[in-house]
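I opened my notebook to look up how this chain holds together. Here are my entries, in the order I made them.

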Amino acid sequence: MASWSPDTPCSCDCFVSVPPASALPAVIFAKNSDRPRDEVQEVVFVPARTHAPGSRLQCTYIEVEQVSKTHAVILSRPSWLWGAEMGANEHGVCIGNEAVWTKEPVGEGEALLGMDLLRLALERGSSAREALHVITGLLEHYGQGGSCREDPTPFCYHNTFLLADRTEAWVLETAGRLWAAQRIQEGVHNISNQLSIGSDISAEHPELRPHARAQGWWDGQGTFDFARVFSLSQQPVRMEAAKARFRAGRELLQQQQGGITAEVMMGILRDKESGICMDSGGFRTTASMVSVLPQDPTQPCVHFLTATPDPSRSVFKPFIFGVGAAQPPQVLSPTFGAQDPVRTLPRFQTQVDRRHPLYRGHQVALGLMESEQVTPGKRGYPGGMMHFPHPNWDSRNMRGTGSEGDSRAEERSLSLQSQPWRMLGVYPFSCLCETAAICSYPVIRREACPGESLPPFLGRLRGSSFGRSSETWSRKAWRLCGGC
């Protein structure tokens, strides 16, 4: 059975805001994926497809039966596996998963990873509730298991999931094949590497309570509290740290209730003081995602993904499903076919370079930042931040919230040119597909840069760059960090 070590990564955070907690009539979803420091996450677009009867599907370790039709999905995934840490589908369903350990033993036998379950649910579920049923059905049939890290030493865990769509969210928490689920119809909610569902259970595995009683974990009397019954009596240190992150995340959400936007969620994901933006030992936040899911079905959902580590120093790039959506090559890792260490047995005996072009460029940009001693301010939002427009944008075409939009934008652009110090970029609209690049959907502007008189900046790297041309430097940094 797999066990913890002091360096076991127990860190991920998922957040959701359901109206009236959101500032606009939309469900807002967010996740930080905290993984081994050098692991690369790629962003993968998979179009909708039909499949022949009797088809089989190869997941990370095992095959499963394929369904007749799968939905289009956008995934942020560790590049060595089939599943995903987080993602969305064309119907506005978003899912994030997290590692969890309970009293139910974790085996090392290969089955479906939680990340496989996540992708399968997105490909097969047209609502959060449907996706939940997909996961629980596959969990019952195939089970969950297998190493979740690209390393010869097995690292296994069970999973919790946060699922959201345009109208509601669900928390699904598992212990082996057993599970409990909680429906979230309004307000805010977050999960952080621990069981969180108490007695407010909306749905559950039929054997959940009988199993707990048979194991002596519950006497069958009084209220059944899932988290209390199934959580380990003695939590490892990192699980205690997860409790602190959970409390901090809930506090940050509650402080913003009624005014939560995509930008607010990005700020929470960039919060280093709480540990939500993680950088500890051999692990860090390797990718992040924020999604805006309007309740109005005629409006498109907008998904922002970094595809690079550390959201406090990454650009959130938008993706919108629609005609012309396609795989962005700069965020796709190289493949190694039959020679891939995950395919050869025994697994993970060698290492390969899975860095995609954007990841490499991001590393270069971070190196430049560090060499210039550029540091983020408190909670990732330093004072005195200024914006620099996209090098191909004409400032005269920028529109603000008032009649002074043109002049203010041009004035600010010109003032930046004359500053004695130079800034290391606030990066503009960087698209993952042509659809996003031409989209005039107002949520993008409002959420990415509320109250600003500049274009819809979606992600920001901040700091100064002394002794460089602001125009040359902004172009270079923008390209390195994901400008398309």
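I call it a contact when heavy atoms lie within 4.5 Å. Leaving aside neighbours within four places in sequence, I found Leu 172 in contact with Leu 132, Ile 135, Thr 136, Asn 159, Thr 160, Phe 161, Leu 163, Trp 179, Ala 180 and Ala 181.

A note on what I am reading: this is a predicted model, where local features need pLDDT of at least 70, side-chain atom pairs count only at pLDDT 80 or more, and totals for chains, interfaces and linings use all residues. Residues are numbered from 1 along each chain as its sequence is written, and side-chain values use heavy atoms, with hydrogens and water left out.

**Entry: the cores**

I took buried to mean under 20% relative accessible area, exposed over 50%, and partly exposed in between (1.4 Å probe, protein chains only). A nonpolar core is then a set of buried Ala, Val, Leu, Ile, Met, Phe, Trp, Tyr and Cys residues joined through side-chain atoms within 4.5 Å. The largest one has 46 residues, and Val 64, Ile 95, Leu 112, Leu 120, Phe 161, Leu 163 and Leu 172 touch the most other members. Elements that give two or more residues to this core include strand 3 (41-46), helix 1 (114-124), helix 2 (128-142) and strand 12 (169-175). Helices (H or I, at least four residues) and strands (E, at least two) are DSSP runs, numbered from the N terminus. Which element gives the largest share of this core? I found that helix 2 does, with eight residues. Another core lies apart from it, with 44 residues, among them Ala 88, Ile 184, Ile 191 and Cys 301.

**Entry: the cysteines**

I counted a disulfide as a pair of cysteine sulfur atoms within 2.5 Å, and the count came to zero.

**Entry: aromatic rings**

Rings of Phe, Tyr and Trp (its six-membered ring) pair if their centres lie within 6.5 Å; planes under 30 degrees apart count as stacked, over 60 as edge-to-face and the rest as tilted. I found ten aromatic pairs. Phe 45 and Phe 319 make a tilted one, 5.6 Å centre to centre with 40° between the planes. Phe 45 lies in strand 3 and Phe 319 in strand 19 (residues 317-319), so this pair ties together parts 274 residues apart in sequence. Phe 45 is buried at 13% relative accessibility, and Phe 319 is buried at 0%. Phe 45 also forms a tilted pair with Phe 321, at 6.2 Å and 50°.

**Entry: salt bridges**

My rule was a side-chain nitrogen of Lys or Arg within 4 Å of a carboxyl oxygen of Asp or Glu. That gave 17 salt bridges. Asp 13 and Arg 245 meet in one, at 2.9 Å from N to O. Asp 13 is in strand 1 (residues 12-18) and Arg 245 in helix 5 (residues 237-255), so the pair ties together parts 232 residues apart in sequence. Both Asp 13 and Arg 245 are buried. I also noted Arg 119 and Glu 123, at 3.0 Å. These two are four residues apart in helix 1, so about one helical turn separates Arg 119 from Glu 123. Last, Lys 272, Asp 310, Arg 313 and Glu 370 are linked in a network of salt bridges.
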